[in-house]
Amino acid sequence: MKLLLLKKNNKIHFPRLKNLTGEDGLLIEEPIYYFSIDNQTYFGLKNWNKIPEGFHLTDINIFRDMSPRQEAFAGVTAFGLAGWYTNHRYCGRCGQKMKQHPKERMLQCTSCSNSEYPKISPAVIVGVINGNKLLLTKYANRPYTNYALIAGFAEIGETIEQTVHREVMAEAGIKVKNIRSYNSQPWGFTDCLLMGFFAELDGDDKITMDKEELAVAEWISRENMEAGNVALSLTGEMIEYFRTQKNKYLYK
């Protein structure tokens with residue numbers, strides 16, 4: 001999926017309503033209200049058949065390094081909503097068309113009245129600490145090649161703490177203890193709510209990497225870490241927090 005965006009001087013410029021009018025002054029297409037941040041309102045369009053002059057379609061990953069930060073978050077969140085609207089045009093129960101509710105962020109079937117709300121998946125990010133070292137990973141077969149932390153979605157029937165234990169064992173083959181919450185972040189890239197944790201190594205530090213999920217999994221000391229990009233992701237924030245907080249308690 002692509003988004004409508006103007007990239008100029010590494011800044012984000014979204015089209016305004018005045019950019020979506022034709023020669024007769026009428027809107028090219030009726031916009032869908034998404035959300036508001038302070039006094040700024042954000043809308044989406046169902047189709048991209050007509051692109052306003054000066055704008056172009058671009059991939060969501062551009063938001064990882066764009067500024068201002070609040071605009072980048074707005075773009076990622078709008079991307080998730082756009083995907084939800086696109087994927088729920090028809091009822092999953094009877095196959096008839098869905099209609100937008102006038103008051104709620106909800107789609108309702110015009111035939112059987114089935115209601116659909118945006119689904120948000122819970123997921124964890126885990127910074128595993130081994131003394132002065134942090135377990136850093138790189139994903140396998142993904143465009144994103146920077147260092148990351150152990151991460152994964154919660155399964156039905158497990159607590160979020162059980163998710164931490166399971167994901168660390170599944171991806172790195174190690175055990176953890178003393179799990180502490182750090183922070184959370186809505187993450188529109190994968191339609192999830194990320195919950196960040198730090199945890200201590202419990203026992204053997206030998207890594208048994210899941211090669212289908214990861215290309216790299218290694219212990220990196222603070223002294224060998226490069227300054228990270230904390231502009232957008234909770235992952236980057238947690239890595240940088242560990243790198244710079246040598247003499248402080250690591251959990252918020």
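**The aromatic cluster and its surroundings**

Analyst: Happy to. Phe-14, Phe-35, Tyr-42 and Phe-63 come together as one aromatic cluster. Please keep in mind that this is a predicted model.

Let's begin with the rings themselves. Across the whole structure, a search finds 10 aromatic pairs. One of them joins Phe-14 and Tyr-42 in an edge-to-face arrangement, with 6.0 Å centre to centre and 85 degrees between the planes. Phe-14 sits in the loop between β2 (11-13) and β3 (32-37), while Tyr-42 belongs to strand β4 (residues 40-44), so this contact ties together parts that are 28 residues apart in sequence.

With Phe-63 it forms a tilted pair, 6.3 Å centre to centre and 40 degrees between the planes. Here the reach along the chain is 49 residues, because Phe-14 is in the loop between β2 and β3 and Phe-63 is in the loop between β5 (56-58) and α1. Phe-63 counts as buried, with 1% relative accessibility.

Ala-82 is buried, its relative accessible area being 14%. Ala-82 and Ile-32 are 50 residues apart in sequence, yet their C-alpha atoms are 9.5 Å apart in space.

The structure holds one cavity of 30 Å³ or more, and the volume of the largest cavity is about 30 Å³. Its lining consists of Phe-73, Val-76, Thr-77, Pro-186, Trp-187, Gly-188, Phe-189 and Leu-232. Both α1 (69-87) and β12 supply at least two residues of that lining, and α1 has the largest share, with three. By class, the lining residues of this cavity are six nonpolar, two polar and no charged.

Strand β12 (residues 176-187) runs antiparallel to β13, and nine bridges join the two. Within this pairing, Val-176 stands opposite Leu-201 of β13. The hairpin of β12 and β13 has four residues between the strands, and Asp-191 in that hairpin takes a positive phi near 55 degrees. Strand β9 (residues 121-130) is likewise joined to β13 by nine bridges, but β9 and β13 run parallel. There, Ser-121 has Cys-192 of β13 as its bridge partner. Strand β13 (residues 192-201) is mostly covered, as eight of its 10 residues are buried. Cys-192 itself counts as buried, at 4% relative accessibility.

The structure holds zero disulfides. Cys-94 is in none, and its nearest cysteine sulfur, that of Cys-109, is 3.4 Å away; the cut-off for a disulfide is 2.5 Å. In contrast to Cys-192, which is buried, Cys-94 counts as partly exposed, at 34% relative accessibility.

The largest pocket has a volume of about 1,100 Å³. It is lined by 42 residues, and those closest to its centre are Arg-64, Tyr-139, Tyr-144, Ala-148 and Thr-235. The elements that each supply at least two lining residues are β9, β10 (133-139), β11 (150-153), α2 (160-172), β12, β13 and α3 (234-244). Among these, α3 gives the most to the pocket lining, with four residues. The pocket lining divides into 23 nonpolar, 12 polar and seven charged residues, whereas the lining of the largest cavity has no charged residue.

To return to where you asked me to look: the cluster of Phe-14, Phe-35, Tyr-42 and Phe-63 includes an edge-to-face contact between Phe-14 and Tyr-42 and a tilted one between Phe-14 and Phe-63.

Methods. Residues are numbered from 1 along each chain as its sequence is written. This is a predicted model: local features need pLDDT of at least 70, side-chain atom pairs count only at pLDDT 80 or more; totals for chains, interfaces and linings use all residues. Side-chain values use heavy atoms; hydrogens and water are left out. Buried means under 20% relative accessible area, exposed over 50%, partly exposed in between (1.4 Å probe, protein chains only). Two strands pair if DSSP finds at least two bridges between them. On a 1 Å grid over the protein atoms alone, a cavity is a set of points where a 1.4 Å probe fits but cannot get out, and a pocket is an open set with protein on both sides within 12 Å along at least five of seven lines; lining residues have an atom within 4 Å of a point. Grid points are joined across faces, edges and corners, and a volume is the space filled by probe spheres set on the points. Ala, Val, Leu, Ile, Met, Phe, Trp, Tyr, Cys and Pro count as nonpolar, Asp, Glu, Lys and Arg as charged, and the others, Gly among them, as polar. Rings of Phe, Tyr and Trp (its six-membered ring) pair if their centres lie within 6.5 Å; planes under 30 degrees apart count as stacked, over 60 as edge-to-face and the rest as tilted.
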